[in-house]
Amino acid sequence: MEYVEKVKEAVKFLESKIEKTPKVAIVLGSGLEKIKNAVEISMRVKYTDIPNFPISTAPGHAGEMIFGKWNGTDVVLMNGRFHYYEGYTMKDVTMPIRVFQLLGVQYLFVTNAAGGLNHSFETGHPMIITDHINFMGDNPLMGKNVDEWGVRFPDMSSAYTPKLVELAKEASKELGIECYTGVYISFTGPSFETPAELKMARYFGADAVGMSTVPEIIVASHAGLKVLGISSITDQAIAEDLKPLTAEEVIEMAQKTGEKIARIFENVLEKLKGIE
Ligand code: HPA
């Protein structure tokens with residue numbers, strides 16, 4: 001079956017289950033699944049029940065879509081995302097974003113656990129993503145363009161919606177949450193980066209490093225979704241002073257910062273009510 005047909009089948013299935021189109025889709029990164037605790041859940045749909053959907057295998061990632069209301073706003077959460085390092089194609093990794101586009105979702109909020117490249121970053125704080133560097137050597141828009149989904153050469157001059165960056169900054173200030181802004185670079189993983197790679201990434205101008213998000217944001221831009229991305233800075237990815245790192249440490253630290261990201265999102269959702 002063609003990719004377009006696969007996506008449409010998944011959309012049709014979900015449309016038959018939901019009562020209302022969610023306004024905001026939220027992707028929960030490694031260790032950040034507690035964000036779902038803030039949501040009044042109305043329905044859970046296992047990925048295995050959605051036709052043609054990939055299945056998440058990464059640690060700290062469940063495999064379900066959660067529909068519900070967050071402070072009065074209709075939302076859908078991706079509890080478990082797909083990573084390129086799991087062996088999925090870029091099209092698989094970004095299939096949920098296409099599904100959200102076709103469902104009529106307007107906003108995409110993404111989260112991830114990331115290493116801090118910026119020497120001034122301390123662990124345990126969120127970083128609002130202002131831009132990214134695609135260092136994965138692949139792009140989810142490769143191949144024939146689906147014109148009804150977006151243009152062949154999508155603009156990426158403001159992939160991270162500037163208005164949402166501003167709202168998130170305001171939110172963190174109002175809430176008294178220390179929060180950084182910066183550029184996210186994605187490597188494929190699954191190996192963590194060497195000191196030489198981290199040095200290069202910093203030299204390129206990146207502030208945080210991880211293994212996700214970029215493919216999703218490329219597709220979201222193509223799809224015309226408004227994007228807000230927040231990283232949880234889980235460890236210091238400083239070339240000159242690199243300590244051994246495990247995925248468990250990353251997840252543990254992400255779990256500690258999930259609450260802060262949840263409060264920022266909640267505040268931004270409130271602000272968005274005033275805008276539309
Ligand atoms: N690299 C380094 N540190 C990290 C990463 C990564 O990809 N993800 C979370 N912390």
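The model is predicted, so local features need pLDDT of at least 70 and side-chain atom pairs count only at pLDDT 80 or more, while totals for chains, interfaces and linings use all residues. Residues are numbered from 1 along each chain as its sequence is written, and side-chain values use heavy atoms, with hydrogens and water left out.

Rolling a probe the size of a water molecule over the atoms shows where empty space is left. On a 1 Å grid over the protein atoms alone, a cavity is a set of points where a 1.4 Å probe fits but cannot get out; a pocket is an open set with protein on both sides within 12 Å along at least five of seven lines; and lining residues have an atom within 4 Å of a point. Grid points are joined across faces, edges and corners, and a volume is the space filled by probe spheres set on the points.

The largest pocket has a volume of about 630 Å³. It is lined by 35 residues, of which F192, M211, D235, L245 and V250 are the closest to its centre. Two or more lining residues come from each of β5 (107-116), β8 (208-210), β9 (226-236) and α7 (247-275); helices (H or I, at least four residues) and strands (E, at least two) are DSSP runs, numbered from the N terminus. By class, the lining of the largest pocket has 19 nonpolar, 10 polar and six charged residues. Here Ala, Val, Leu, Ile, Met, Phe, Trp, Tyr, Cys and Pro count as nonpolar, Asp, Glu, Lys and Arg as charged, and the others, Gly among them, as polar.

Polar contacts are pairs of N or O atoms within 3.5 Å. A polar side-chain atom of E193 lies 2.6 Å from a nitrogen atom of the ligand, and a polar side-chain atom of D235 also lies 2.6 Å from a ligand nitrogen. For A113, a polar backbone atom is 3.4 Å from a nitrogen atom of the ligand. The protein buries 95% of the 260 Å² that the ligand exposes when taken alone (Shrake-Rupley method, 1.4 Å probe).

Technical notes. Polar contact = N/O pair within 3.5 Å; in protein donor to acceptor, adjacent residues only side chain to side chain.
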